[in-house]
Amino acid sequence: MTELPPSGTPSEPGRHDPDPRDAAWSPPAAPAPVPAPAPAPAERSPWASPLGDQAAPAAFSKPDSQAAGEQQAWNTAGADVVPNVTEESAPDTGEQRYPTAALALAAAPPAKRSDRRRLWTLIGVMGGIAACGVALLAFFGFSGGWTALVIGVAAAVIPVPVLVSCFLWLDRYEPEPVRYLVFVFGWGACVATAVALVVNTAGGVLADRLGLSESIVAVLVAPVIEESMKALGPILLFWRRPRAFSGLIDGIVYCGLSATGFAMVENILYLGFKGYADTAEDAGPVNGAVALVAIFVVRILMTGFAHPLFTSMTGIGLGIASRSSTKAVRWLAPIAGLLLAMLLHGSWNLMSVTASASAWVLLYGYFAVMMPIFLCMVGFALWQRSNEGKLTERMLTEYARAGWFSPPEVAALGTLGRRLSARRWARRVAGDHGAKAMKAFQFDATKLALLRDGLHRGLDNTPARRMEALAEERHLLSALAAYRQVFVGRDPQAPLAVWDGSRYHITFPDGMVRVLAAPPTPVVPVPVVVPPPPPPVPMYAGYPYPYR
């Protein structure tokens, strides 16, 4: 059996590595499979796959190659996890073999080495966020009382898990690193809130000295400083870690989580201090509790989406900038999103201020303006999320033509429903480890597709970034091959098959290997209900009855 070197190995004679100086390059070519010697009766290892030593799991409809109108659904899988390769038959390719995906990834060198500068930067950022959080708690506790602080925290935390879960659910195709999500949430909850509190308080004092209404601060000052500070955390992340943004969904998630943290701390102030404490001091604890409930209904149940909605406009601008190679767009898109967020925030505050004169203005603004905008934003986010699946399926087709994926394997990444079916299939054939490997396989495949899309868009327009993209591409291909080893070749219901980049090599039940083209609409590898075996019948055209 012939083993094939993984992506990222040194160039061999006759093999051309892509030039990282080019604007884009083709996926690494996967060599064609070579038949192996006949395996022992108890073994399943007839092929060397274009993906290292494993064939991609696939399910598809057999073309009409034997009789007119004949069509049969097949669920194909690759060879065993450990092929039957002897020392005499296996050539020395320098490839290190690993029994599990975890060992294969652990042996891979890290992309970057940490240094003292990065460490001190991390300590400084996290220390600053923590210091702002402690300062806020101390200010609230000593100025309004610890009882009001506890009540405010208990009430303000209630909607946070719901909002965070919604953003995580929205980012299911390619989940972002937890450390980045924690950073933007902490930035909004601590830094943005602390700065906005200082500026808004100073603006209120200045307006009072000038004899102006505090409504000016709510309409003109608060939207500018709050939206700027909420967006500053995701903007810093985009500046320092541009690869953390892969599209509009990432921008919406990062900015939405920053706004969620900001809204949580702001609700502590309104619920615990301006709601309960101030009312209880004037009219007693019972009236304080009534005021707390009333503010909870208005600020949490009815308008809890306001801050994430406003700041998501900046997120859309950052998402557009992350997928554009034009310098003007990368600068102007976030600025336009930030201005739109300030405009929406100021308009909402203006309607809230005028509600003291007429409550109908607020009701009209809520149902005729804010709710339609919110519903349109939800629909837009869901549409963008579905586009990530379509983009993955479209971009990975290039790698399928090179032999790194089979067409059904690519089709299994197109929608969340297909991905869930693939995970159930992997769990059925390889247990919990197979489900985890399939989940990681899907995430890395999405990253690979986004990387390829970025190359087409010209995002990596410097030699250093092209080299980094090429290294990441090879690392992802190696990781995908390692994950695939966990669940491939475990389905006893699947005939043996290998995808060579253009056609399938399938071992039929009669022992013959036939080469078939891929069907136009492949079927994803989902668990199937196997009917009871039919009674024995005579052979027909070389096929047993179940395969006619």
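Visitor: Which term applies to Cys-190 by its relative accessibility, buried or exposed?

Guide: Cys-190 counts as buried because its relative accessibility is 16%, where buried means under 20% relative accessible area, exposed over 50% and partly exposed in between, with a 1.4 Å probe and protein chains only. The model is predicted, so local features need pLDDT of at least 70 and side-chain atom pairs count only at pLDDT 80 or more, while totals for chains, interfaces and linings use all residues. Residues are numbered from 1 along each chain as its sequence is written, and side-chain values use heavy atoms, with hydrogens and water left out. Cys-376, by contrast, counts as exposed, at 56%. A search of the whole structure finds zero disulfides, a disulfide being a pair of cysteine sulfur atoms within 2.5 Å. For Cys-190, the nearest cysteine sulfur belongs to Cys-132 and is 6.8 Å away.

Another buried residue is Asn-349, with a relative accessible area of 14%. Asn-349 sits in helix H10, residues 327-354, where helices are DSSP runs of H or I with at least four residues, numbered from the N terminus. Leaving aside residues up to four places away in sequence, Asn-349 touches Ala-218, Val-219, Ala-222 and Pro-223, contact meaning heavy atoms within 4.5 Å. Towards one of these residues, Ala-218, the side chain of Asn-349 reaches the backbone oxygen at 2.7 Å.

Key. Helix = DSSP H or I, 4+ residues; strand = E, 2+ residues; numbered from the N terminus. Polar contact = N/O pair within 3.5 Å; in protein donor to acceptor, adjacent residues only side chain to side chain.
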